[in-house]
Amino acid sequence: MTPIIAELAYWQETVLRGLVGLVAVLLPTGALVYMFLFKMMSFMQSRLGPMEAGPYGQLQLLAEFGKFLQKEDIFPSKADRFVFAAAPFVVLVSTFLLVLVLPGGPDAHFVDLNTGIYFAMAVSSVSVIGIMMAGWGSNSKYSLLGGIRAAGQLIAYELPLVLSVVGVVIMAGTLNLKGIVLAQSDFGIWFIIPQFLGFLIFLVSIQAELTQPPFDMPVAESELVTGYMTEYSGIRFLLFFIGEFATAAVFSAIGATLFLGGWTIPFVDGSSEIMNWIGPLVLAVKMVLIAFLIFWFRMTYPRFREDQLQRLAWKFLIPLSLLNIVITAIFKVVF
Amino acid sequence: MSTETTTEVDINDIDEVDQLRYVAARAADARVNIELETEGMTLNIGPQHPATHGTLRIVARLDGERVIQAEPIMGYMHRGYEKLTEVRTYPQVTTLINRIDWVGSFANEVPFILASEELMGVEAPPRAQYIRTALFEMGRIANIMLFLGDMPVQLGGVTPLFYAMRDREFVLNQIESATGGRFHPNFNRIGGVKDDLPAGWIKETKSAMQRVRDFCDEMDDLVTGNEIFQSRCRGVGIIPADVGKAYGLSGANLRGSGVDWDLRRDQPSPLAWKDLDWKVWTHPDGDSFSRFWVRLQEVRESSLMVDQILDGLPAGPIMAKVPRIIKVPAGESYVQTENPLGVMGYYVISKGELTPFRVKIRTASFSNMSITPWLLEGVYVPDIATILASLYFILGDIDR
């Protein structure tokens, strides 16, 4: 924690960390859901979206929360109760673990891991287990199809995701996320410019990791109703929903950290004390920029078929990201 | 399918207790084999399902992601129209039948009215025929614009639907201002049309048609040229021309396979199509993309046709001389027209009374669905949605 805050007892610090962690995940989620799902999607489709709950529909999320709270908790018959109930929590666990390594400022972080980005990539894969648990535990053929498609897709797109990040790591020389951000200040320009190819591959991969259109075969609405989430209702569905948008928020924030310079703004020293307070806000703005791209693609494109999706990952994105690594390495050694 | 875990034994060679044990063991084996059914999964798509445009049920047997066999089960929406027409007088029947293909509005009524006029020996005056043709084409535009917006939704792109709905409103407003109903105009009468056109309608309709053409250009940008849309649709659900003809397909489904057949041009009809300068669009490929493309061109062509009709609208009466109480003389008549969904025909048998004796309704979607088992064999599960969307059926048209 920042040295500005006075010495707290361990339990007090733990509670504060827990609360801040919750806020760090839920606040961007709510903002993204309102801004992009309700409003941007509506404006792109020449309609207004929610306008009733609060001014311009800003309290719609609260209304939805209340709606989900009061719904009946349905267990499908012959569903595996433990697996069915635990699945949304597994997905959320991976999101909260991801947020641990996000740096909001030179000292504003939860944990400063030296293998920051490596930990992030590893932990983001935990959600695959949750989705498969949801697909199997629902005892429904639709959910099973969705879960199996998700397993194939998420595993396939892990590789381009990791490989696109390797280019950034080579340029920064460290796996530590704080180090990567400071390396961008040292380099003089944000990594999105030299690593443009890596950024594109990263964007496509997180679109697939989030099972958003055009990669939403697991949730293919016109065939599988809601895929692996079909049998969930009430709070359990809300947990999946929050998980989807929270993961989008966190992945966008990681993208902003890797490619857009994290908490730094140009002409201001990245490691100065003031950045501890402004940094999170700057990171939030950059996160919104990347999330805008994610949701823009979501609303525009139809979805890929499963085999086309796999072909794109294995035959196109992985060779491209390997090429990116080779070019980055050559430039790093030669120049 | 059953695994041989016990050796073959002649059951009469062993004593009673052992016989029972033997039978129980075989039964237990069989039960396990059925429970573990590993040869394919039977997926029941519908009747309530986002992809099936209504209450259609498809029982698909899957092997992983491939369909081994698919069978459509229709009839969940059967409303008994053919029986209902037997207890309605001829003018009342039109209120009934424009609900068959509920998005094609005006187009449903026309073949029935033409059949009745043929039996009665009346012919509607030219102005009425022109108005009928204009509204017919506008019904086609409204119908196919829904398709153009809905097919991307089946594939996952939710946004074009809203543009289609927004621009379709202009066409529906024009239909409503002339006839009083957006989807169920009930404007045809035996001998002509009910009313003349309101003032200013021609000018407003022309601007609506211009909006339709702008919408078609927007669809070209957003959907037709979209790589993902093309890769989902090209080569999916190919219907060879001879197979299509054998299964009785009609409309854009057949024209998308390269068959140059359109009843508006190839069949003499009292309506105004013969006076217009227009083109029949075909596409040689026969896949889902070509069916989408043909329908897009048809919408554009229809909007140009409406402009021509309104430019050349003759003056005169809109109703021929018909008695107040309509009793159609005895006889049989079959008239089919090129409706938005395909060929729709009415076979009217009259015994000289106030109500028809029997009306047999030949709908396009019912015949279009007949190709589904053949077409869906061996495709991936996502392609089911693509193929059903590209065949474009309306449940009311299938089930009547």
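Is B:Arg400 buried or exposed? B:Arg400 counts as buried, because 22 C-beta neighbours lie inside 10 Å. The cut-offs are simple: a residue is buried if 20 or more other C-beta atoms lie within 10 Å of its own, exposed if 12 or fewer, and partly exposed in between, with C-beta atoms placed from the backbone.

This is a predicted model, in which local features need pLDDT of at least 70, side-chain atom pairs count only at pLDDT 80 or more, and totals for chains, interfaces and linings use all residues. Residues are numbered from 1 along each chain as its sequence is written, while chains are lettered from A and ligands numbered from 1 in the order in which they are written.

## Chain B as a whole

Chain B has 400 residues, and 47% of them count as buried. It holds 16 helices and eight strands. Both kinds of element are DSSP runs, numbered from the N terminus: helices are H or I with at least four residues, strands are E with at least two. Along its principal axes, the C-alpha trace of chain B spans about 100 × 55 × 35 Å.

Now take contacts. Two residues are in contact if their C-beta atoms, placed from the backbone, lie within 7 Å. Among contacts in chain B between residues at least 6 apart in sequence, 71% join residues at least 24 apart.

## A sheet of three strands

Three strands of chain B form an open sheet in the order β1-β2-β3, with antiparallel pairing. Strands pair if DSSP finds at least two bridges between them. The edge strands are β1 and β3 (66-73) of chain B, each pairing on one side only. Neighbouring strands of this sheet are turned by 20 degrees against each other on average, direction ignored. The axes behind that angle are lines fitted to C-alpha atoms.

Look at β1(B) and β2 (residues 57-63) of chain B: five bridges join them, and they run antiparallel. B:Met41 has B:Leu62 in β2(B) as its bridge partner.

## Where the chains meet

In chain B, 26 residues are in contact with 23 residues of chain A. The elements giving two or more residues to this side of chain B are β1 (41-45), α5 (126-155), α6 (159-179), α8 (227-233) and α15 (381-391). By class, the side of chain B that touches chain A has 17 nonpolar, six polar and three charged residues. Here Ala, Val, Leu, Ile, Met, Phe, Trp, Tyr, Cys and Pro count as nonpolar, Asp, Glu, Lys and Arg as charged, and the others, Gly among them, as polar.

## The largest nonpolar core

A nonpolar core is a set of buried Ala, Val, Leu, Ile, Met, Phe, Trp, Tyr and Cys residues joined through C-beta atoms within 7 Å. The largest has 182 residues, and those touching the most other members are A:Ala249, A:Val250, A:Ala291, B:Leu135, B:Leu148 and B:Ile384. The element that gives the most to this core is α5(B), with 16 residues. Not counting residues up to four places away in sequence, A:Val250 touches A:Thr95, A:Leu98, A:Val99 and A:Leu102.

A:Ser46 sits in the loop between α1 (10-44) and α2 (60-69) of chain A. It counts as exposed, because it has 12 C-beta neighbours inside 10 Å. B:Arg400 is in the segment after α16 (395-399) of chain B.

Chain A also has a cis peptide bond, from A:Pro213 to A:Pro214, with omega near 0 degrees. A:Pro214 is in the loop between α8 (196-209) and α9 (221-224) of chain A.

Back in chain B, B:Trp261 lies in the loop between α10 (252-255) and α11 (263-266). Why is B:Trp261 partly exposed? Because 17 other C-beta atoms lie within 10 Å. Not counting residues up to four places away in sequence, B:Trp261 touches B:Leu254 and B:Asp266.

B:Arg324 lies in the loop between α12 (288-311) and β6 (331-339) of chain B. B:Arg324 is exposed, with 4 other C-beta atoms within 10 Å.

Note on methods:
Axes are lines fitted to C-alpha atoms, for helices over the stretch in contact, and angles run from 0 to 180 degrees between N-to-C directions.
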